[in-house]
Amino acid sequence: MTIRIEKAAVLGAGTMGARIAAHLANAGVPCFLLDIVPRELTAEENRKGLTLNSPAVRNRFALAGIEAAKKSRPAAFFVSDFARLVRPGNFEDNLEWCKEADWIVEAVTEDLEIKRNLLARVEKHRRPGTIVSTNTSGLPIHLVAEGRSDDFQAHWAGTHFFNPPRYMKLVELIAGPKTKPEVLAALEEFCDRRLGKGVVAAKDTPNFIANRIGTFSMLNAMRLMAELGMTVEEVDACTGPAIGQPKSATFRTADLVGLDVLAHVVNNIYESVPNDESREIYKLPALIDEMMKRGWLGEKTGSGFYKPVKKGGETEILALDAKTMEYRPRQKAKFASIDAGKLVESTRERIRGFLQPILDGQVGDKAMRFLWGSLSETCLYAARRIPEIADRIVEVDRAMRWGFNWELGPFEIWDAVGVEPMARILKMLGKSLPPIVTSVLASDRKSFYESAQGRMSYFDLGAANYKTLEEPRGVILLKSLKEQSKIVEENSGASLIDLGDGVLCCEFHAKMNAIGGDIVAMLHAGVKHLHSDFAAMVIANQAVNFSVGANLMLLLVSAQEQEWDDIHLAVRQFQNVNMAVKYAPGPVIAAPQGMALGGGCEISLHAAKIHAAAEAYIGLVETGVGLIPAGGGSKEMLIRANEHAAGEEDLDLFHAMKPVFENIAMAKVGTSAEECRALGYLRASDVASMNRDRLIADAKETALAMVRAGYHPPAPAQIRVLGEELIAAAKLAIHQMLRGEYISEYDALVGRKLAHVLGGGALSAPQMVSEQYVLDLEREAFVSLCGERKTQERIAHTLKTGKPLRN
């Protein structure tokens, strides 16, 4: 029987519980959020005349959890309105609501007896067949449900979400001793498709997979810091983006997690792994112990390994000197090897380069020695944990990629460095190699993974052989299709790939997917194929970001060289390809993920439909560099304003235009697909996929559905514009913003240019205009702003710092 999850209950409204509830709401799942009843009134509650029997008091913790989730940054809800799907309650009055839930998630404090006692109460109200899971990060799953009925335990599991649940992809799924396979399958399916998670099957071992390996890696880094006499900043320079790991690296991550939480995890592992050959590394470091005694717990207390202090109106970051236990100004780490590595784009090649001197028997600089000790020990430790924490290496690598945001998991690092050379040095150092390493070395391939003709295989210890790594049904990997010779056309910036069933994919693969001539040419080529041998096209890629917009470096050079004709031509070509996309004979689906900014947004706006990732950050941000949208973005937002106007009156359109002007002038970016819909970048008919791994396959299905429905391109649009009526109102608003010192004089100039375009030019009365008319206005305004010195300064500043300049 298929298990359906349509309503949930979350028990515990702390940081994790409230945010799990928020993400269930993001998925459209109504949810109960329950917590304990307060024992006494707050001062505020006394002032309001409330009593301990008042619902607002009895539900205080659940209400506070929802409010905290609404205010959290990054946002827990896609849009704050989704909080209406979360109903607050308490354990005393509302535990019976659990009988309405299809899935009950326990997320109370990490105390075994508290969890057991609560679940015993829950069982009195739970319907037979209802799934119950715990979000524990380390308590044994089998012990938490001990003493519960057979039906309860048959529908029991661990579902370990990572914080923050909306953004962290990993959910570790842990079976209990009596869990039915169909229960695990239902949870995996729901977490994957509805919540957008990467689900990893973990064994019921201390702290499961990601925290076991990640904690080892962090403690090992601390050990090496002491051995090599390194500073906090030097360690973080080695353990962040240099090796494909987050910018927070080691010590900023510790501050974010909280040293008290870290200590709890460390102590739990130490007590629970008496047979771990590396158990001693899990003894709480003296440095952490001393910091906890001083109350330096990280971000939550304002002091940790780093400490922000206000100085002259600005914030200065101090770093802890681990030797003196005093804070000092943060110092930039200086390692020639790390600096050289910044020039190497591939993380695999960069890691190999860092360790090559060590592999060749050289000493290497301090960073290289640190990285050898860090990476080799972590890789060795992970290999020793197979099959203890997971049967397959795949689960370990996925857990580290999805739970700790590592670009490469431990076994992928082994392969990047080379299993043979790493094993050779480890043996020279007297390290014993675990069975999975010796088995790989005995094979003819001598690597943990192998890719051939678009298919990935991995070494399986149980089978002592390689097995094909099957992707879940409904996932398309463009890399695999290219390895299967599915490329139709390609150039240095983009490719056309056959997705099958008559659907073409235009994949961008330029640096940051910045839009230039190569991408424009390939979009034109894709549309041409829709006239002949393909029925539909999906514009998508599997990079971090869909597109960050135009190639600003090329634009800046052209502007500085005063090559106005070239800029006019480039803008016209971009406008033309967007119009070709819009009026293509077959449906073109834009499937943005990550950032789709500026020109990336404009391409999406011209598609027949947008099928976005739920985590798509879309916006027309050109004003941030002193420009306006000129690829048809302003035009398309004008069309949307006409669609949104409540009636045919000019006043209706005026009200619809106000948010359009504000969004573009203020370079507003939606921080989820749903917020992008509220901003007007997505129409009501546009859709979103929760799991971005499924985005291209989902977008393909959207395209095929439109083909089956008899798609035909829209008729050329006629756009109603308000002329001077809108321009005058916009100028007044700009003047007030300027007087209030909310914007600069140059912001005002850009705003007036934008108003001129959105108003349809200096027209004395409202009238209908063509799309080309507005495109010409866009282009003229854009090129004129390119000639302004302050625009060029803004572009140069953005290229250098990645941040806009307000001059």
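This is a predicted model: local features need pLDDT of at least 70, side-chain atom pairs count only at pLDDT 80 or more; totals for chains, interfaces and linings use all residues.
Residues are numbered from 1 along each chain as its sequence is written, and side-chain values use heavy atoms, without hydrogens or water. Local features need pLDDT of at least 70, side-chain atom pairs count only at pLDDT 80 or more, and totals for chains, interfaces and linings use all residues.

**View 1. One face of helix 13 is buried.** Helix 13 spans residues 286-293; helices are DSSP runs of H or I with at least four residues, strands are runs of E with at least two, and both are numbered from the N terminus. Its buried residues are L287, I288 and M291 (buried: under 20% relative accessible area; exposed: over 50%; partly exposed: in between; 1.4 Å probe, protein chains only). Exposed A286 and K293 sit on the face turned away from the buried side. G295 follows helix 13, with a positive phi near 80°.

**View 2. E412 is a buried residue of helix 18.** Helix 18 covers residues 410-417. The relative accessible area of E412 is 11%. Its side chain makes a polar contact of 2.9 Å with that of R401 (N or O atoms within 3.5 Å, one able to donate a hydrogen and the other to accept it; residues adjacent in sequence count only if both atoms are side-chain atoms). Leaving aside residues up to four places away in sequence, E412 touches R348, D397, R401, E407 and Y449 (contact: heavy atoms within 4.5 Å).

**View 3. L799 lies in helix 33.** This helix runs over residues 789-801. L799 is partly exposed, at 36% relative accessibility.

Key. The arc is that of the directions from the helix axis to the C-beta atoms.
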